[in-house]
Amino acid sequence: MKSPRRFYQPLALGAPAPFREPPVRLERMIHFVPPHIEKVRAKVPDLVTKVDVVLGNLEDAIPADAKEAARAGFIEMAKATDFGETGLWTRVNALNSPWFLDDLMEIVAAVGDKLDVIMVPKVEGPWDIFYVDQLLAQLEARHGVRKPILVHAILETAEGVKNVDDIAAASPRMHGMSLGPADLAASRGMKTTRVGGGHPDYRVLSDPDGDAPRASAQQDLWHYTIARMVDACVASGIKAFYGPFGDFSDPAACEAQFRNAYLLGCAGAWSLHPSQIDIAKRVFAPEVDEVLFAKKILDAMPDGTGAVMIDGKMQDDATWKQAKVIVDLATIVAR
Ligand code: GLV
Ligand code: MG
């Protein structure tokens with residue numbers, strides 16, 4: 001299905017809000033906080049100085065009897081904090097839950113002018129985005145919100161993966177998409193209870209070599225979906241993100257999973273624990289050596305065409321573009 005790429009119109013009040021391009025800002029980590037917990041809210045002003053995005057989570061991991069408190073806590077922390085350049089996001093409850101409508105209505109009414117992005121879980125097709133898009137347009141018009149609120153979808157059902165291209169293209173409000181490996185594993189019937197990362201039994205064996213024990217290596221369970229998601233997002237000019245990594249006791253595995261996503265084109269990942277903030281900072285930025293080499297390529301081919309040899313490696317128009325990706329990212333990180 002080809003997306004209509006509709007531009008939403010605010011309904012009535014005031015002048016139409018201008019369409020905003022997805023921000024070219026650093027979003028190496030989307031840091032999740034449970035806003036119903038007072039001592040967590042108290043730490044938000046300090047957190048703002050350490051992360052690229054603060055996200056108030058209202059969905060999974062918030063108990064059903066704390067949903068209203070989480071929503072109220074999010075509004076309180078959004079009002080009380082100066083977020084400066086740090087992004088302010090919320091993850092609302094699923095569209096078919098009893099809480100979604102109140103999440104959206106109360107949050108846009110109270111802090112719509114401070115909110116950058118709404119993360120929508122369990123998106124199954126473009127119709128989910130059309131619905132949120134129209135509701136946001138109505139609420140922005142009603143409450144005089146001048147800056148359009150963007151939408152970020154979580155890719156976490158088999159149906160969503162099937163429709164990933166149409167979801168990415170569903171609205172100019174689309175900011176990006178994150179992989180939700182826990183829900184997606186359940187939706188697909190994958191046999192794992194892990195939140196992201198590999199599995200000890202998902203391996204390839206080397207060929208037999210006489211009596212020598214056969215080597216085996218673990219593979220990335222998420223390779224296909226991340227690559228699929230990156231292509232869908234980039235084709236629609238939006239950003240792809242790896243989602244959560246649930247084993248806080250295994251920072252090496254978290255870093256390896258984040259790095260695979262980074263190398264495949266993701267812009268960032270979720271941090272669910274403070275220790276994952278630094279992992280994301282380290283991973284979602286190019287290494288110094290890599291930047292220096294990429295700069296050599298740009299310098300050697302000022303107009304981006306031709307072919308040159310650098311350190312024994314062939315460079316041409318395509319590697320110039322690869323180098324530019326790295327240098328552009330390094331420039332944003334350095335700002
Ligand atoms: C995230 O929401 C996940 O399901 O992994
Ligand atoms: Mg989920």
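Predicted model: local features only at pLDDT ≥ 70, side-chain atom pairs only at ≥ 80, totals over all residues.
Local features need pLDDT of at least 70 and side-chain atom pairs count only at pLDDT 80 or more, whereas totals for chains, interfaces and linings use all residues. Residues are numbered from 1 along each chain as its sequence is written, while chains are lettered from A and ligands numbered from 1 in the order in which they are written.

**Exercise 1.** Find which helix gives the largest share of the shell around ligand 1.

*Solution.* Begin with the residues around ligand 1 (C-beta atom, placed from the backbone, within 6 Å of it), which include Asp60, Glu156, Pro181, Ala182 and Asp183. Next, turn to helix H8, residues 181–188 (a DSSP run of H or I, at least four residues), which supplies the largest share, three residues.

**Exercise 2.** Decide whether Asp60 is buried, exposed or partly exposed.

*Solution.* First locate Asp60 in the loop between strand E2 (53–57; a strand is a DSSP run of E, at least two residues) and helix H3 (67–80). Asp60 is partly exposed because 16 other C-beta atoms lie within 10 Å.

**Exercise 3.** Name the residues with the most contacts inside the largest nonpolar core.

*Solution.* Such a core joins buried Ala, Val, Leu, Ile, Met, Phe, Trp, Tyr and Cys residues through C-beta atoms within 7 Å. The largest has 76 residues, and Met177, Met229 and Cys266 have the most contacts inside it.

Definitions and conventions
Buried ≥ 20, exposed ≤ 12 C-beta atoms within 10 Å, placed from the backbone.
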